[in-house]
Amino acid sequence: MIYLKNLYRLSLASLLLLGTVFLLSQCQNTESRAAEAGLEKPAHDPLVLIFLLQYISRDYQYAVAEGKIINTFEYQEMMTFSHQALELYLEMQQDSAQPNTIFQLQQLREIVHEKVETDFIDAHTKVLITDLNTELKIRAYPPQMPSIERGKQLYQASGCGTCHGSNGAGDGPVAATLTPGPGNFQDIDGMNTAVPYHFFNAIRLGIEGTSMPAFQEAFSIQEAWDISFYLLTLRAGLKPVAPSKPLNVSLSDLATKSNNDLLEELQEEMSPLAEPQKTSLMNSIDDLRLNPASVLSNE
Ligand code: HEC
């Protein structure tokens with residue numbers, strides 16, 4: 001038995017070694033191909049900048065509350081990321097950097113420094129991300145109508161469940177060994193504030209300093225969107241009910257806004273809503289999450 005175990009380990013080690021050698025040779029190939037084509041180092045990926053801002057928007061609540069630092073590590077990250085965002089933008093845009101964007105990024109750094117309320121950071125990063133999508137010509141929604149079914153199949157076939165659990169409850173077989181632990185895609189608050197565009201970036205770029213791997217090579221752009229849209233259907237208490245008349249929501253809205261964002265915006269369009277009407281509006285949003293093809297338009 002012991003012998004078998006060792007043999008298993010040995011073959012695992014040699015597989016890993018082979019894998020590394022293979023990957024290294026692939027890297028060299030790509031580099032030499034790029035050199036042949038006369039290409040410089042690849043330009044910065046604008047999505048890295050967007051992802052930094054999305055990360056700040058999502059995690060600031062764990063760093064600061066009521067003007068005080070509640071987690072030093074998280075706060076340090078917020079400071080670092082807001083600095084990096086400005087540096088990255090300047091490096092990327094060089095002479096074409098827009099004064100207004102520079103100003104907004106500097107302001108973000110300052111308000112993190114001042115430990116303002118979470119809502120303030122959230123609103124500031126959201127405006128910045130919308131402006132950057134336009135400025136950097138990023139198409140922040142899927143090229144084709146996302147398929148929830150395909151997203152589910154990809155999630156199940158790609159080992160996400162090992163950490164996140166087969167139903168996304170954050171209870172995969174190795175979850176308990178991870179710090180930080182994997183997110184729980186069923187959590188009501190967490191998922192009502194989750195944005196598919198952010199999940200799309202997390203899946204493609206991975207999350208540094210955690211065990212969340214980058215799946216940039218594994219999935220096409222469309223597939224990464226399919227999975228992101230699928231994840232938003234996992235929330236506990238999802239209750240899809242088709243609205244009597246279609247909501248004024250586009251595919252781009254579904255991709256770049258959380259359920260709470262959509263709820264807030266749709267409410268503004270209607271007269272003040274009582275609690276039961278809000279619930280029924282949320283049920284209609286759930287219906288769109290499950291059936292994104294019923295949106296009115298792409299943008
Ligand atoms: C080896 C473990 C592991 C695997 C495999 C893994 N993840 Fe993760 N994932 C994590 C951890 C840990 C985090 C939380 C990181 C943090 O707290 O910042 C995370 C975070 C995420 C997030 C961000 C969640 C949020 O609330 O902001 C998404 C989206 C995600 N994973 C999707 C996936 C998908 C899809 C797959 C499969 C294609 C996958 N993960 C595979 C460990 C894993």
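This report walks through a predicted model, from the whole chain down to single residues.

## The model and the chain

Local features here need pLDDT of at least 70, and side-chain atom pairs count only at pLDDT 80 or more, while totals for chains, interfaces and linings use all residues. Residues are numbered from 1 along each chain as its sequence is written.

The chain has 13 helices and 2 strands. Both are DSSP runs, numbered from the N terminus: helices are H or I with at least four residues, and strands are E with at least two. Of the 299 residues, 28% are buried. Buried means that 20 or more other C-beta atoms lie within 10 Å of the residue's own; 12 or fewer is exposed, and in between is partly exposed, with C-beta atoms placed from the backbone.

Take the contacts with a separation of 6 or more: residues 24 or more positions apart account for 67% of them. A contact means that two C-beta atoms, placed from the backbone, lie within 7 Å.

## Helix 2 against helix 5

Two packed helices are described by the angle between their axes and the distance between the axes. Helix 2 (residues 46-59) packs on helix 5 (residues 118-135) at about 165°, with the axes 9 Å apart. Axes are lines fitted to C-alpha atoms, for helices over the stretch in contact, and angles run from 0 to 180 degrees between N-to-C directions. That angle makes the pair roughly antiparallel. The cut-offs are under 35 degrees for roughly parallel, over 145 for roughly antiparallel, 65 to 115 for roughly perpendicular, and oblique for the rest.

The crossing is left-handed: the near helix is turned anticlockwise from the far one by less than a right angle, whereas clockwise would be right-handed. Helix 2 brings residues including Leu-49, Ile-50 and Leu-53, and helix 5 brings residues including Ile-121, Asp-122 and Thr-125. The contact holds 8 nonpolar, 3 polar and 2 charged residues. Nonpolar covers Ala, Val, Leu, Ile, Met, Phe, Trp, Tyr, Cys and Pro; charged covers Asp, Glu, Lys and Arg; the others, Gly among them, are polar.

## Helix 9 against helix 10

Helix 9 and helix 10 pack at about 125°, and their axes are 8 Å apart. The two are therefore oblique to each other. Their crossing is right-handed.

The contact divides into 9 nonpolar, 1 polar and 1 charged.

## Around the ligand

The ligand is surrounded by 25 residues. The closest are Cys-160, Cys-163, Gly-183, Phe-199 and Met-212.

Helix 7 (160-164), helix 9 (196-205) and helix 10 (221-231) each give two or more residues to this shell. Helix 7 gives the largest share, 4 residues. By type, the shell has 16 nonpolar, 8 polar and 1 charged.

Most residues other than glycine have a negative phi, and most peptide bonds are trans. Yet a cis peptide bond joins Thr-179 and Pro-180, with omega about -10°. Pro-180 sits in the loop between helix 7 and helix 8 (188-192).

Gln-94 has a positive phi, near 45°. Its loop runs between helix 3 (72-93) and helix 4 (99-113). Gln-94 counts as exposed because it has 8 C-beta neighbours inside 10 Å. Lys-137 has a positive phi of about 55°. Lys-137 lies in the loop between helix 5 and helix 6 (148-157). With 8 C-beta neighbours inside 10 Å, Lys-137 counts as exposed.

Methods. Near = placed C-beta within 6 Å.
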